Amino acid sequence: MKDISTIRIILLSFLVFLVSMEASAQYFMSGQEPASTRWKQINTAHFQVIFPENFTEKARYVANILEYSYEKVSSSMDHQPEKVSVIIHNKSVTSNGFVAPAPHRMELYSVPPQDNNPMPWLEHLAIHEIRHWVQIDKLNQGLTKVLNYAFGEQATAVVAGLLPMWYLEGDAVISETALTEDGRGRIPDFSKIIRSRLADSLPLYSFDKMLLGSYRNNTPNHYELGYHMTSYARYRYGETLWQDVENHVARKPFQLLSFNFGLDRFADQYSADIYDSAMTFYNNFYYPQSLPDDKESNQEINTESHDSYTSYRHPRYTEDGGILALKKDYSRLPRFVKIVNGKEEIVHIPGRMTFDRFSYANDWIVWSEEIPDVRWSHRSYSVIKMFNMQKGMERTLTEKTRFFAPDISDDGNLVAVIQVTQENEYNLVVLDTENGWIQKQFTHPADIFLQQPVWSVDGKHIYLIGTDEKGKGIYRVNYDTGKWEQVMQPSFREIQHLSPGDEYIYFKAAMEHKEEILAFDFAKTELNRVTRSPVNASDVSFSNKSNSIVYSSFESEGYNLFEKKLDPGKFEPVKKEYNGDNRMISSLREGEGQLFRSGEIPNQQYTATPYRKWKHLFNFHSWAPLYMDYNINQKSISDVSPGISLFSQNLLSTSLTTLGYSYQSGTHKFHSQFVYRGWYPVFRVSTNYGGKPQVIRHSSVEWAPGLSNDYMKFNASVSLPLNFTNNKYITGLIPSMEYEYDRNYYHNLRENFYLRGLKTIDYNAWFYHYQRMAHRDLQPRWGLTFDMNIRTSPFSENLLGNMTSLRGSLFLPGFIEDHGIQLRLGYQKQNPEIYLYSSYLQFPRGFQPSVTQKLFTFKADYSFPLFYPDWNIPSVLYVKRFKTNLFQDYGINHYQTIRNERRVWEKQQLYSLGAEITSDFHFARFMFPFSAGIRYSYLPQFADHRYELIFNVDFYRIYSNMF
């Protein structure tokens, strides 16, 4: 009996731990479509495809891809997953996708990126995301399946958290690589960071650093690191390794390191050991012998040394002999810089570019930039922007468009762009630079995906890359006649960044494990190699005037710029045929079933039926045999008690619901929350019923009313989140109103009776405008915020009166790079009757909140990093940064008190100063960074020294990107 009781306690504790861990991701959502969107659905054997009505034809294509891929992608995992819903977003200019374990769903963003690989985007995306669904659904076995009965889909979500990101993404990249003629495992640009460390014989970073990133050095993301580790492990230990490890995790999730234990059981190695072995293997794989490069024979444009990651991309010649480039580093936002004779100056800081490559002619820099919708996260635009270097003025050429990859003609009068419609139709569009009007529009007869247009030297043609089921080719269209020509036949060789001359067109292209600058001879239709780079050559720009090219060459800490004089006699012939396979990919293919071939995708005409939003308002995906006081807004659990909880999130992420019953202190209680985001305003309603109400009275009052278990609290709010983000600034306004009723007893001291229930209304307006933050930034470099709150009790003014609070923040750069200043002002006044509201403003640091009727605060902070140690205790702790914040707070607090039976005003001056020292670190290789440290406050009036511990988990700054 004792053993059984112990097992029960351990199991209950484990279940509570699982649910608590799920709190931060209980309601994961990426946004909503406009309320006017009409939805349809297609149901196949294994997928429910939900999509906007204007995407119907492409949705049938997606449904066919999904069904065609289903068995192929799941074969090597020996698991065929259950049917899953797939939601397609076609109004965003973001190219992405993800699988969410709770509620089970796959979300796909349909617009292809301009740097897409040599495979149609939706095919590539479908394979990758199906593999994620196979990984997640395979966990539904053993103990995890039992937990699913008890907790619903959230149990799988938590167990999936035991699978590291490097495995999830690396294994998915294997699928897209081994099953197709494409895939990132074949693309040299994908492996460049790891190859750069190996090529230069540099010491390898620790596994913790490579996995969790650095504020100092360039490290790979989960995809690149994960592919190298998962592919090596499968190559070394057999095609069933990852099947076996997932089975182990699913059956023994109570081993919180079950993934590592599974690796140890089936590979006799832990994750860090796999990393070490994989790097040794790939060093010999990529560099079996030393190869020459031409770096020394080329002129280095920027000779300035950098002690951390610094990258110069997409160089362009200017008329005065300078070089324009897009510079990236960890301390500043990406910016256009001009380099003349080795000296560099900042030209302009653009907003969030939808494609990094920009164009230049006649003092005009042209690029495409993402502009979010004012309200809807799943609707955004790619507009064309221009900056005049002579006038120092930026202008927006187009508004609310879906134009990408602009190239300006040499005379500066026309701009060629790629248009991708919401229906995934691809057009080459030419705009005039005076007002952005469309001058011409071209559509390829085969409706191939068009990428990266560039004008010919004489301005009579526009060259571009075209992608279809045969791979990537080079095409051109005659501007006057509209006639299309194929310049270079398509293949699965990765090519990017065209730059035409009179006799050759230059571009970067895959060459085994590297990318080099190649030249295609128009007359001879021959392909030639122009560069021999140490790692990767990219971003070529040809100058007809000097018969030279400038390009970016990758090194371990970023791209640097080189110029090369061209001598066609030294070009090296290259075979036009290309096969990206190697012995690793061939080995991985042995563990797969049938390969994915674009030409074999069926063309079944699935029936599309309406998907009514009101019929799918609720989707209860998770539950628990206990009550969790879960706050949807704060994404936190504040209490766990006996009872029942139900959680709902509909597939469109417009409706969130929690229902609960709890039994506390012999009392039955009922709880509910509902949030609806599908209309322009956001509505929230919550209720709590049960338990005894509180009695609020002065200490001199002795009598109290009789109490029963009928307490109730009701909240209803409406808010309007507006997003005005543009250029390099993030801007928004959120007005809101909240009504609250709680059924407590409030004693009226003047008339000696109890008021049952109190109603309050809060009016709030929150405005923010600040510069986007760079990787190292501790706060915005420039910006301000303003918050106004008015709290009233219109039906109980004789008890509470009203309170008005104002507060604002100003962000300024510090005296040294990466330093920041923050100044905060606050003012609050309330007109009380009998009771006071609790303070909306925070008191100066070091002081506890107290009674206040008028409060003024001023706070000044100066924050800066101390150093970036990248220390690690393997698998236990990885410390990325130490930082300091110096502060000085001042406040004046006025309140009334009774003295000699008279009300008198008291004035309290609050002054404190001190420092905070914290570190940013990862614990147990947990993907979210922790921040912890100590705050020291000195209160001069009291000669008092105070110390506080600081702890925070940043769930928003995750070290990963891409899809």
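**Note on the predicted model: surface patch, salt bridges and a helix pair**

1. Strand 45 (854-867) and strand 50 (944-953) each supply at least two residues of a nonpolar patch. The patch is on the surface and consists of L866, F867, W871, I917, I934, Y947 and L949. Together these residues have about 770 Å² of accessible area.

2. Take L949 as one member of that patch. L949 sits in strand 50. Is L949 buried or exposed? Its relative accessibility is 78%. The cut-off for exposed is over 50%, so L949 counts as exposed.

3. Now the salt bridges. The count for the model comes to 43. In general, side chains of opposite charge can pair when their charged atoms come close. A few pairs deserve a look on the structure.

4. Start with D870 and K209. Their side chains meet in a salt bridge, at 2.9 Å from N to O. D870 lies in the loop between strand 45 and strand 46 (871-873), and K209 lies in helix 8 (residues 207-212), so this pair ties together parts that are 661 residues apart in sequence. Both partners are on the buried side of the cut-off, which is under 20%. D870 is buried, with a relative accessible area of 9%. K209 is buried too, at 5%.

5. D870 has another partner, R216. The side chains of R216 and D870 meet in a salt bridge of 3.6 Å, N to O. R216 is in the loop between helix 8 and helix 9, while D870 is in the loop between strand 45 and strand 46, so the pair ties together parts that are 654 residues apart in sequence. R216 has 30% relative accessibility and counts as partly exposed.

6. Next, D539 and R313. Which atoms set the distance in this salt bridge? The closest N and O atoms do, and they are 2.5 Å apart. D539 belongs to strand 27 (residues 537-543) and R313 to strand 7 (residues 310-317), so the bridge ties together parts that are 226 residues apart in sequence. D539 is at 0% relative accessibility and counts as buried. R313, at 14%, also counts as buried.

7. Some salt bridges share partners. Through them, R824, R845, D861, D889, E916, R935 and E948 are joined into one network.

8. Turn to the helices. Helix 4 (residues 142-151) packs with helix 10 at an angle of about 45 degrees, and their axes are 5 Å apart. Which residues meet here? G142, L143 and T144 of helix 4 meet V249, A250 and R251 of helix 10.

9. Last, E239. Where is E239 placed? It is in the loop between helix 9 (222-237) and helix 10 (241-251). E239 counts as partly exposed, at 42% relative accessibility. Leaving out residues up to four places away in sequence, E239 touches S76, R234, E590 and G591. For orientation, R131 is 108 residues from E239 in sequence, and their C-alpha atoms are 15 Å apart in space.

Notes
Residues numbered from 1 in each chain as written. Predicted model: local features only at pLDDT ≥ 70, side-chain atom pairs only at ≥ 80, totals over all residues. Heavy atoms only, no water. Helix = DSSP H or I, 4+ residues; strand = E, 2+ residues; numbered from the N terminus. Buried < 20%, exposed > 50% of the residue type's maximum accessible area, 1.4 Å probe, protein only. Contact = heavy atoms within 4.5 Å. Patch = residues over 30% accessible without salt bridge, like charges linked within 9 Å, V, L, I, M, F, W, Y side chains within 5 Å. Areas by Shrake-Rupley, 256 points an atom, 1.4 Å probe, with all protein chains shown as cover. Salt bridge = Lys/Arg side-chain N within 4 Å of Asp/Glu carboxyl O. Axes fitted to C-alpha atoms, helices over the stretch in contact; angles between N-to-C directions.
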